[in-house]
Amino acid sequence: MRTSNLLISTQREAPAEAETISHRLMLRAGMVRQLAAGIYTWMPIGLRVLRKVENIVREEMDRTGAQEILMPSVQPAELWQESGRWEKYGPELLRFIDRHERNFCLGPTHEEIVTDMVRREIRSYKQLPATFYQIQTKFRDEIRPRFGIMRAREFIMKDAYSFHLTEDSLQQTYDVMYQTYSRIFDRLGLHYRAVLADSGNIGGDKTHEFHVLADSGEDQIVFSDTGKFAANIELVALEKPVGSRPAPVNTLLKVATPEQHSIQQVCDFLGVAASQCLKTLIVHGKDNTLVALVIRGDHELNKVKVEKLAQVESPLKFASNEQIRKHTGCDTGSLGPIGLSIPVIVDYSAAQMSDFVCGANADGYHLTGVNWVRDLAEPNQADLRNICEGETFPNGSGTVKIARGIEVGHIFQLGTKYSSAMKVSCQDESGNAVTLIMGCYGIGVSRIVAAAIEQNHDEQGIVWPESIAPFEVALIPINMHKSQRLREAVDTLYDRFKASGIEILLDDRRERPGVMFADMELLGMPHRVVFSEKGLDVGTVEYKGRRETTSTDVSIDTIVDFIRHKLQAGKN
């Protein structure tokens, strides 16, 4: 393709609101343009990348024998009510009413729709197992869309669903999908890790997430230094410590801590470590109650674990400052577990502490030398926190390491959650009706584009893996508009590249060489060929790989074979 036939709208600077590398570079490269918060138009360059990701995903899904379908994005409320998710899914589900006063939603996922399709179409065990997939637009009404394509409200997803008579059959397909996802991300040229995960509001028992490793990732991936364990931090269960807590030594004291609200401020003011302080958080419980959660000052609350507690409302919702003051008489920064009139749940590690510091439930005051049993009741204990780097895994599989990850794929064993609710069954070999068992397999197609940039970039711009670069080669002629001789030679070389099946972008704009070089580096073209009259005189062009620091002179006669060899080497 020629740049004269392509909308290239690169920018030297990114808008100030662009927070992540991928968001900035996608805007600067003219890959996407925002229409509304979390809603983007894919421009020609961006769409080429997106389609390449789609093609790799489709090829590997077809290889498994999965059947491609396309389901509606507009879904009737009746199916969601039948599954029980109409009210449970939450405000991310965009609901609306049509002119006939019927309730609909924009699909954030398609479990209900595909389950309804299968119960209408599959009648016999001879049609099973069966896997159906689609690549389609989804919509989730994120409360705060951010990071550009990474967390948009409208996005493109590959979602697949499998149906089985037995658990063994489901496990076989699950294993195939695990291997398929690994091949997909290998072909995409991404550094990734598969980890055990929580199923969230999709449901199911066994589930794995696939994460592209990048410093900008929102998820924390926990793995052992021995390589024997990997999981999303949300899923790592911690056991109650063995042994008794240390005996009290210090006297309980009430200490003035004016204007000291955060754990760090209190620690600095009192000269103590965060590991010697307690942090009290108040959340909504069941039946319009409040519940206090207590963890060590240097630990983070694990929301997924907390949402599974019988006393706590799900999804997790923190109490407002007004509600906290009403029940405790103080603001958040002075909260502590002593004297609370609401249920208190204490993390295992916090329950092992003695002589600790906590809020006094009076503004501007904290307590020191606090001890369980002596100063307040033996606590109701639970696992509430995230595991920390450097700790030993509970199963003894090594020392904890933590990396950041961007979730780009998720596979679930759903079981009968949807098929039971929606009464989906078929006859087995004996003629008995059997409730079907389901699996679910998702890939964030548009998110992969952003994740690839987060992992592959430099100061000049994007450095695409070759498999998803918008073009394989950028051909840059120097002052071609001033030389008929050079123009003819460039056109001949351009035609040779096209005839060989190499995706080439000829920059035929009347721009300065520096502008063309900068744009092609920003756009991340893997290979660059520069053609000048000086080179034409000696029969060479200048080649430079996007990941290389120096250029090489290559014969005009052999440059196509040279590039073909480079491309083939990149696939091996």
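Analyst: The contact of H2 with H6

From helix H2, the residues Ile 56, Val 57, Glu 59, Glu 60, Met 61 and Arg 63 meet Met 177, Thr 180, Arg 183, Ile 184 and Arg 187 of helix H6 (contact: heavy atoms within 4.5 Å; helices: DSSP runs of H or I, at least four residues, and strands: E, at least two, numbered from the N terminus). Sorted by class, five of the residues in this contact are nonpolar, one is polar and five are charged (nonpolar: Ala, Val, Leu, Ile, Met, Phe, Trp, Tyr, Cys and Pro; charged: Asp, Glu, Lys and Arg; polar: the others, Gly among them).

The model is predicted, with local features needing pLDDT of at least 70 and side-chain atom pairs pLDDT 80 or more, while totals for chains, interfaces and linings use all residues. Numbering starts from 1 along each chain as its sequence is written, and side-chain values use heavy atoms, leaving out hydrogens and water.

H2 covers residues 44-63 and H6 covers residues 167-187; their axes come within 10 Å and cross at roughly 150° (lines fitted to C-alpha atoms, for helices over the stretch in contact; angles run from 0 to 180 degrees between N-to-C directions). H2 is therefore roughly antiparallel to H6 (over 145 degrees; under 35 is roughly parallel, 65 to 115 roughly perpendicular, the rest oblique). The crossing of H2 and H6 is right-handed (near helix turned clockwise from the far one by less than a right angle; anticlockwise is left-handed).

On the H13 side, Leu 493, Arg 496 and Phe 497 meet Ile 559, Val 560 and Ile 563 of H16. This contact has five nonpolar residues, one charged residue and no polar ones.

Elsewhere, four strands make an open sheet of mixed pairing, ordered E14-E15-E16-E19 (strands pair if DSSP finds at least two bridges between them). Strands E14 (278-284) and E19 (380-382) are at the edges with a single partner strand each, so one side of each has no neighbour in the sheet. From one strand to the next, the twist averages 30°. E14 runs antiparallel to E15 (residues 290-296), and seven bridges join the two. The bridge partner of His 284 in E15 is Leu 290.

Strand E11 (residues 219-224) contains Gln 220. Beyond residues up to four places away in sequence, Gln 220 touches Ala 231, Asn 232, Ile 233, Glu 300, Asn 386, Ile 402, Ala 403 and Arg 404.
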